[in-house]
Amino acid sequence: MAEFRGQPLYNCRNCRNPIALRDDLISKKFKGKSGPAYLFSHAMNITVGPKRDKQLITGVFTIADIYCRGCGEELGWKYITAHDATQRYKEGKFIIEISKIAKLY
């Protein structure tokens with residue numbers, strides 16, 4: 001299991017670049033473009049793409065796709081703005097698809 005300062009990490013599946021700490025995991029009950037995804041409060045070693053509005057399952061959001069800084073793999077997206085007040089808790093948080101990360105054991 002990879003660690004950063006004693007904390008377990010989620011890593012990019014392709015290049016093993018660390019992208020999130022286990023302590024920053026908020027929920028495992030989200031869906032990404034291609035399947036199950038996790039919601040994180042923070043992500044690291046990523047590049048954030050341009051903002052765009054998108055209709056998602058729970059409403060319209062302004063989002064930006066996120067990419068691994070090591071290899072360029074698209075990992076998921078960052079919630080920039082929720083257009084519905086009940087969804088504002090997602091703002092500033094990150095969706096990372098399970099299929100894009102190395103599993104922790």
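Let's start with a charged pair: aspartate 65 and lysine 33 form a salt bridge, with their closest N and O atoms 3.7 Å apart. Aspartate 65 sits in strand β7 and lysine 33 in the loop between β4 and β5, 32 residues apart, so this pair links distant parts of the chain. By salt bridge I mean a side-chain nitrogen of Lys or Arg within 4 Å of a carboxyl oxygen of Asp or Glu.

A word on the source. This is a predicted model, where local features need pLDDT of at least 70 and side-chain atom pairs count only at pLDDT 80 or more, while totals for chains, interfaces and linings use all residues. Residues are numbered from 1 along each chain as its sequence is written, and side-chain values use heavy atoms, with hydrogens and water left out.

Back to the pair. Aspartate 65 is buried, at 10% relative accessible area. Lysine 33 is partly exposed, at 48%. The cut-offs: buried is under 20% relative accessible area, exposed is over 50%, and partly exposed lies in between, with a 1.4 Å probe and protein chains only.

Lysine 33 has another partner. Glutamate 74 forms a salt bridge with lysine 33, and here the closest N and O atoms are 2.4 Å apart. Glutamate 74 is in strand β8 and lysine 33 in the loop between β4 and β5, so the pair ties together parts 41 residues apart in sequence. Glutamate 74 is partly exposed, at 27%. Which residues make up the salt-bridge network? Lys33, Arg52, Asp65 and Glu74.

How many salt bridges does the whole structure hold? The search finds six. One of them joins arginine 13 to glutamate 73, with the closest N and O atoms 3.2 Å apart. This pair also links distant parts of the chain: arginine 13 is in the loop between β2 and β3, glutamate 73 in the loop between β7 (59-68) and β8, 60 residues apart. Arginine 13 is partly exposed, with 38% relative accessible area. Glutamate 73 is buried, at 17%.

Now the fold. The chain has zero helices and 10 strands. Here helices (H or I, at least four residues) and strands (E, at least two) are DSSP runs, numbered from the N terminus. The radius of gyration is 13 Å, close to the 13 Å that the globule rule gives for 105 residues, so the chain is as compact as a globular protein of that length. That radius is taken over C-alpha atoms, and the rule is 2.2 Å times the number of residues to the power 0.38. Along the principal axes, the C-alpha atoms fill a box of roughly 40 × 25 × 25 Å. Of the 105 residues, 43% count as buried.

Cysteine 12 is in no disulfide; its nearest cysteine sulfur, on cysteine 71, is 3.6 Å away. Cysteine 12 is buried, at 0% relative accessible area. Cysteine 15 is in no disulfide either; the nearest cysteine sulfur, on cysteine 68, is 3.5 Å away. Cysteine 15 is partly exposed, at 33%.

On to backbone angles. Most residues other than glycine have a negative phi. Arginine 16 has a positive phi of about 65 degrees although it is not a glycine. Arginine 16 lies in the loop between β2 (7-12) and β3 (18-21), and is exposed, at 52%. Asparagine 45 has a positive phi of about 55 degrees, again without being a glycine. Asparagine 45 is in the loop between β5 (36-40) and β6 (46-56), and is partly exposed, at 26%.

Last, the largest pocket. Its volume is about 210 Å³. A pocket, on a 1 Å grid over the protein atoms alone, is an open set of points where a 1.4 Å probe fits, with protein on both sides within 12 Å along at least five of seven lines; lining residues have an atom within 4 Å of a point. Lysine 33 turns up here too: the lining includes Lys33, along with Phe30, Trp77, Tyr79 and Tyr89. β4 (25-31) and β8 (74-82) are the elements that give two or more residues to the lining. Which element gives the most? β4, with three residues. By class, the lining has six nonpolar, two polar and four charged residues. For those classes, Ala, Val, Leu, Ile, Met, Phe, Trp, Tyr, Cys and Pro count as nonpolar, Asp, Glu, Lys and Arg as charged, and the others, Gly among them, as polar.

Key:
Points joined across faces, edges and corners; volume = space filled by probe spheres on them. Disulfide = S-S within 2.5 Å.
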